[in-house]
Every structure is written in structure tokens, then in C-alpha cells.
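I set out to record what I looked up in this structure. The entries follow the order of my checks.

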Amino acid sequence: MLKKYIEIYRECIKISISTAMTYRFNFILDNFIMLVSNTLFPLVTLLIYGSGAEFPNWSLYEVLLIQAVFTMSTGVANIFFSGVLWATMRHIIEGSLEIALIKPVNCLFFLIASTVEFSSLSLFLGGGVMFAIALSHIGPVSILMVLQFLVLFMSGVCVMMGISLIMAATSFKWVGNSRLPEIFDSIKYFGRYPQNIFHKTISGFTSFIIPVAMIGYFPAAALLGEANGTAFIAILPCFVFTMGGIFLFRHMIRLYEGVGG
Amino acid sequence: MAIIDVRNLTKTYYTYRRGSSFSDTIKSFFRRERTCVNAVHNVSFQVDEGQITGILGPNGAGKSTTIKMLTGTLYPTSGHISVMGYTPFRDRNTYVNHIGAVFGQKSQLVWDIPPVDSFQMNKAIYSIPEKEYRNTLKELIGMFELEDIIEKPTRVLSLGERMKCEFVMAMLHKPKIVFLDEPTIGLDVIAKQKIRSFIREMNRQGVTFILTTHDLEDVEQLARKVIIINHGQKVFDDTLQKLKMNLGAKKIIRLVLAKPVAEIKLEGIKVIDRNSDFEYTLEVNLENSSINEIIKRLSEMCEFSDISIKELPMEKIITEIYKTTV
Amino acid sequence: MNFLVKKLKVIKAVALVTYKEWSAYRTHSMVSIFVGPVYFIVQYYIWTAVYSGKTSLNGMELSEMLTYFGITTLIGYITMDFADWNLQMLVRTGKFLTFALRPIHHRFFALSQKIGHRILGLFFEFIPCLFIFGFIFKINLSPANYGWTIISVVLAFLMNLYLNYTIGLTAFWLVQATGVRRVYLLLQSIFSGGLVPLVFFPKILQKLLLFLPFQYVSYVPAMVFIGRYTLAGVSIPIPQIVGLQAIAVVVTALISEIVYRSSMKRFTGVGA
């Protein structure tokens, strides 16, 4: 069973890569635009520090580290989970979700696998370069810190998977609202900055309610040796978010089948 | 009196060949091979006021190119066009006030709102006086029985209803000449009939119609004059009657047999295709015997499980035309 | 006079149709009521932190900075434009033909459409956000001078249309015009001042931006609202910068007309 799913996933990735190669020019342009538009916020940070100002108690490279992690995390999530929203939306508008439903595999898995998209690869790589630069200006990193970072980073990716699925589930009811992702993008914005600049209520919200701080801030803080209890407690809502996303999406599919049948 | 006068109309496109591979695209960036396409070549014809003229031809023959040049939206490479005294491509801005057009595949209606709102918009664009607008709209809607339809959003309408609304939209400013490009494409039989009778009625009121189609039935039911274009050249230009005389009364019959027969041989019937022992395509000549009689004789000769009768396809008509005129 | 009345009638009819057309997507517009304020909250905390211990950065005070972000968001709702997208769709689907067949200049049609679309934006984006910014966030929303601000916003409205329309016209020439469009939109989002006031950019870039059209879309009207314009160390009095903006609009309109005419030549030449 598992072998079959891995096999399917591998095939889907192959298809996605060969599609990207067919439209090379578009692929490169997509990547370029995705990268530049997502590095605008580090640009603002650079401009702030370039103007002689700063976030209190944060050096430029520390802030950039948060934003590099955020960019990498977004890159990973975009590649693997962002397609599912558009695919679901399109299927619902065109009434063609049945195509996915009649496949002899789990529908959610199939939608995620068949919408793997590498047009955000540069985003991940660009984030990686920024990450390396920022890290080289920051003190030594211990193995423990790296492990903490990895755990928190994965949790951040899980949050975005949860968000993608919740949005996809929402599109069952709110048909064709192409601006849906903007709502969550705006909330994610909070995760890009040191959390101590925000009011306590807000940082509580971004840690525990919609844990967007996990996308950039918490993993970066681990590498700076500042991962505290809050960061690890926040893994719990991340987990809840992912499971919630999966549950909600499946629930919507069941409803759809009920109505459609 | 000729309302449209076209002389030696020619349209030549130059296209650049592009390779599909990556290295081809790079190469084509520096050196491109130019290929020349004669979309319309040395075509001349005249249309009289109050006529319905059908421009026939297979896909890609140059019908649409011709009609675009007649509407002024495409420049001819050479030649002369005069419509109601205007030279369409030169006087486009004033000229388009006096013509109407329906392009089967290109809608003027706004997708998300009722057609009546789109009509209002054209009323302003063509500066139609309020009273005139109301009278014309009432008349057109009555003819199509669209009273309830025009208040519904366009996106919920059927293709036939939408097409009727396209016609209303094109006629609101009372154009003297209306150009139709494949007006019945994709419609069901009833909708086709409605639209044809609308065209006939408007024609009776004095509107000149030019329509392109590859549906012979459109022409048979509407046009008095037929122009056939193939490979950009005019191959026929005369009355519908003359066309029929040239072609003879021929139809295509497809048969699916229940039992195989050695041979189908009857007077006035020619086997033009034989897919298997069971499937035959026949060309029948109806000059000496009626379709009724032919079928009777066919059924005496063999047992069939399915039969369909069709008009001659466009390609066939053109080869027939070549045979009789060239 | 008669000519003008006719033009106004067309604007009214087209704007009304566009308003009705997009009314179905009201909830789409209303997403802005959430997104706009959320972005503003983030900006508020970023800049409050950055300004701690400083009264002025690049000649701007914190309160001005917050007003700047609030007002660029609000101006964005009024001037937002998608003429480029629209035009490209018309060209790609071949529907541009139906406009060539009607006695109307398509750019004038696009202007009328934009007016209708933005009136909708006024009701469902601008006014709700205006109240949120004014009464909840308590940012200063009274312009230094009402007259100049209104003129400048109207000019920004036109500027955005003419720029986008010209970009959209590339669809007549290029098969893959979406690429041009996206690169342009990216440049505009960085250099119009929506990201950060242009005075934060390096001096050399600021000098370059003085001569590019981007600033007239967002930065100029926002600074006219605040009542003081500086870029690349050059301070220009408000009436003069609005004058410059007007000249820029006229020049852009002329360029767009030149490109339009050659595009029409191409359209009627090859029927693209």
C-alpha cells in the first residue's frame, strides 16, 4: 500500500518536472518572479538597517535569518501543498472533482500528489542562499540547535500544509474566491519578524492560535540559541492545524459526495 | 445597385517559422525564415442592396479573412473595397456606425450580467436615441420571443439563447448591412431555424446580409447568391439555383448492413467508400428518382440496420465545382 | 458640447455595466477589508519598533510613516487597475475584434470600465477601510490640502490606467505577453512606493526613480496628501509636483496612443 503511494508520488513529480521543462521560459520566469516578489520583505529590512535604524536588540543578520527561514519554508510549502487549493477550486467551478474521486487512491493524496509544482524551487534555493549568508554572520551553532531547528522548521511546513488544506476546504463553500490565499498570506506576514516587536496578544495569537510564528521566527530563534518553552509548546497547535486541515478537507469531500450523489 | 463592390482583393500574410526545440527558438531569434501565405488572392465580387449572400468554403479557405476585410478590421494587401461608398479599412471609425456584425465565436455580451444591460451599453456607444432604442428592442425581442431571457444573467443562458441575444445586440443601431461569421455554428436545429427566419425577416425589411458558413443548409435556406472560396480564391459566384444546377441533386447515404451483400448496384447510386462488409457510403443522384424511391429500392436489395442521409460535404462540392466550371 | 454629452453617456453606460458585472464578486472586494488592516497592523508594529529612540528617519516621523502606509493602501483601492489583464484576454481570445467593430476607442472603453469597477471599490474597499483606519487605528486622515490631494489621486488613477494599458498592448506583439506584464507589475510594486517610502532607497536609485513613471502611481499622491514632497534630496512644492504629475500623465497618454496606433496597424494588418 505504502509502496503504491510512493510510486504514484514519484510519477507525479516526474510529470511535474517534465511539464516545467516543456515550458522552460515560463518556468524560469515564474521562478524569477516568485523569488523576487518574496524577497521584497528582506529588502525592506535591508533598507531599514541601511537607513541607520534597527529592530531593538536585533542585528541585521538575525532578522535576515528569520526571513530566510520564512522564505525557505514558504518555498517548500509552495512546491508541495499550494497546488491543492487551485486544483480544488478549479474542480469545483468546473464540476470535475469526480475525476479525482473515481481514482482508486485516497482523493486528498491524489490531489496533493498531482499538483506538485516546482515553480517555487528558486524560492527555496534563494531562501537557502540568504540563510547561508545570514548564518555565516552569526555565532557558532551546536548540533542540538540544528536538531531543534529541523523539528521547528518541519512544524512550520506542517502549518502551511494545514492552511492550504483549510483554504481548499473553504473553497467548497466559497466558490471560486481567488483572493482567499491573500487572507492567509496577510496573517503569515506576522511570522516574518521578531515576535517581541508585537503586542503580547498578537504574539500569543501567532504562536498558539494560528501558529504562523513557526514559519519563520521560531526555527530561526532555535539557531540563535533562543528556542524557549513557548516555541516547543507551539508545536502542539501546529499539529492540531495540520490534522484539522486534513479532517476538514475530508469532511468537505464527504459532504460533496453526499450532495453530488 | 451594388452596395458592396470588391475588386482584386488580396491578403498576404508573412509568418515566421518557429522551431519548437530550445535551440530552434534561439536560432529564430537571430534569423527567421519568412513564409508567405496567400489567405485571399485576387477576389472580386459585388453584392446588391437587400440581398443575402453566402460565402461558402471549407475551414481555412479565407472566408473569415474576407469578412474581416469587409468590416474594416483587417487591411487588404492590395485591391479595392467599397461598402456603401466607404472604404472600410480607411474610414473604419465612421463606417462601423452603419454596419452590424455577429461573429459566432466572439461574444459581445458581458458574461456576468443580463443581456439587457449589455444592450444599454451599446445604446450609448452607438448613440441611439432613447425612443428609437426602445422600439427597436421591443421589435427584435418580440421576433425572438426573448422577453424573459434578457433579464437573466448571460452565463445561465443556453448557447441558442445567447446567440439570439448576440443578434439583437448587433441589430440595435439598425445597420444597413450585417456581417455574420458562422452564425449558426454549434446550435441545435430549432435554434438554427429561429435564427434563419430572423435573418429572412430582417432581410425583408431591407437589411443586406453577408454570411460565411461551412453549413450548406444555411445557404440553401437563406441565400440567393453564393460565393465559394477555396484556398483563398473565388471558385464560384452566382445564384443558388445555378449552384444547384451545377451540382445536380446529390446526397450522401451511409448504410450499416445487417447482413453482408456481394455488391450494391443500382441506377443513380455510386459506392464511394466501403469500410467493411457492413459499412457503405453511397453517393446518390436524385435527378431522375426521388429519395423515397431510392430508399425503397435499397431496402429491397439489402437488409440494413442503420441509415443516414447527408448533404454533400464542402470538399465534395468544391471538387464538383472545379469539374463543371474549370 | 454635444460631443461631450455623448462621451459622458458612454462612460455612464459602460461604468454601470461594469459595476453590475463585478457586483457579483463583492465578496472578493471585501477580502480587502480584512487584508488591508492586517497589513497595516504589521506595518504599525514594524515601524513603531524601528522608530524606538528615533524621532525621524530619512526625514519622516513615525506618525507620517503610519499615515503614509494607511494612505497608500487607501489610494491603492481607488487607483487599482487591471486594464492590462483585460486587454490581454481580449487579444488572446480574439474578442478584441468586437471592439474594433464598434464606434469606440478601446482605451476610452477601458477608462469607463475602470470608473465602474473602482466605484465598486470605493464602496466595498475604500470606505470600510477608511473607517477602520480613521476610527480604530486613529491615523491622521485629513490631507494637508484637499484640492491638490484630489487632483493628484485622479491623476494617479489615470496614470495607472495609461501605464497598464500600454503594457497590455504588448499582447498584440508577443505571444507570451504575460511575462512582460508580470515583470512590469513587479517593478511597479517595488518602485511606486507601496513597499516603503521611496526616500528609503539608496540615493542613486532615488535619482533614477525621479525620471521613471512609477512614483506617480502611489508615492506622489501619498506625499501630496502628507503635504511635503522629497525625492533624491530634491524637495518640490506641492503645486509643482502635481503639475509634474499632470505632465507625466499627458506624456504617458501620448505614448500609449502611439503604441495603440501601431498596435491597431498590426491588428488590422495581420488580424492578430
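I worked on a predicted model, in which local features need pLDDT of at least 70, side-chain atom pairs count only at pLDDT 80 or more, and totals for chains, interfaces and linings use all residues. Residues are numbered from 1 along each chain as its sequence is written, while chains are lettered from A and ligands numbered from 1 in the order in which they are written.

**Helix 6 of chain C.** I looked up helix 6 (residues 106–136) of chain C, which has 31 residues and reaches 42 Å from first to last C-alpha, close to the expected 45 Å (1.5 Å times one less than the number of residues). Helices are DSSP runs of H or I with at least four residues, and strands are E runs of at least two, numbered from the N terminus. I found a kink of about 45 degrees centred on C:L122 (the angle between axes fitted to the seven residues ending there and the seven starting there). After this helix comes C:K138, with a positive phi near 55 degrees.

**Helices 3 and 7 of chain C.** I noted that C:I75, C:I78 and C:T79 in helix 3 meet C:V153, C:A156, C:F157 and C:N160 in helix 7 (C-beta atoms, placed from the backbone, within 7 Å).

**Chains B and C.** I recorded 26 residues from chain B and 23 residues from chain C in the contact. Helix 4 of chain B gives the largest share of the chain B side, seven residues. That side divides into 13 nonpolar, eight polar and five charged residues.

Conventions:
Contact = placed C-beta atoms within 7 Å. Nonpolar A, V, L, I, M, F, W, Y, C, P; charged D, E, K, R; others polar.
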